[in-house]
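Q: Please take a close look at one part of this structure, the aromatic side chains, and then lead me from there to the surroundings that can be described.

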Amino acid sequence: MANYGTIPTSSSPGTSTKLEYISRAKERIKAGLGTRQPWKVMFNFRSFNFPGNLSEALKRVRTNIAYFTMNYAMVVLIILFLSLLWHPVSLIVFIVMGVAWVFLYFLRDEPLVVLGHTIDDRVVMIVLGVLTIFFLLLTHVTLNVLVSLLVGVVLVLIHGVTRKTDDLFLDEAATGLMSAPHAAAAAAGAGAGPSS
């Protein structure tokens, strides 16, 4: 009767490990989405005008793409998703590839290593992007995918050209195409030696 009044607890190692993994996954997704700039900054109407010349337009596009990378990716993915609503097989492929993106790009703690070689985050992003498009094209929605990607690229370019950049502040981590956890790891690694 010495245990009278105590509340029995059962903690299985499997449950705590799963909860810990889910908690880390949520933190990484929040950190990855944390690289997204506020939509109010992106669509600040006082910051829009036409560039004076072609070199200024190109400079704006480069700066805006570096600054609004996550926002632009989200816009293109939403356009692609909307174009697939009437094609259930393609939508399933899109969702499966989205899960692959989450596990292979956003939720990794360490760099991806294949056959003893470390794969850069940009390479992972490019390969996943190409595979996503390739698998979607296999589901016979070529026209939908191409039109939605074209619409997304045109919208990104229009925004990139017309959005002034003098109120944007880029740091070294923001100019890359890495998510926040990967950028922090790269920054820590850069402090240890010269970066390539």
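A: Phe 43 is partly exposed, because its relative accessible area is 39%, and this class lies between buried, under 20% relative accessible area, and exposed, over 50%, as found with a 1.4 Å probe on protein chains only. This is a predicted model, in which local features need pLDDT of at least 70 and side-chain atom pairs count only at pLDDT 80 or more, while totals for chains, interfaces and linings use all residues. Residues are numbered from 1 along each chain as its sequence is written, and side-chain values use heavy atoms, with hydrogens and water left out.

The whole structure holds 6 aromatic pairs, where rings of Phe, Tyr and Trp (its six-membered ring) pair if their centres lie within 6.5 Å, and planes under 30 degrees apart count as stacked, over 60 as edge-to-face and the rest as tilted. One of these pairs joins Phe 43 to Trp 39, and it is stacked, with 6.2 Å from centre to centre and 10 degrees between the planes. Trp 39 is also partly exposed, with a relative accessible area of 32%.

Elsewhere, Tyr 67, Phe 68 and Tyr 72 form one aromatic cluster. UniProt, in an unreviewed entry, places the feature "transmembrane region" at residues 65-85, 91-107 and 143-161; its positions follow the numbering used here, feature names are shortened, and annotations may be inferred rather than shown by experiment. Residues 65-85 are 86% helix and 0% strand, with their end C-alpha atoms 27 Å apart, where helices (H or I, at least four residues) and strands (E, at least two) are DSSP runs, numbered from the N terminus.
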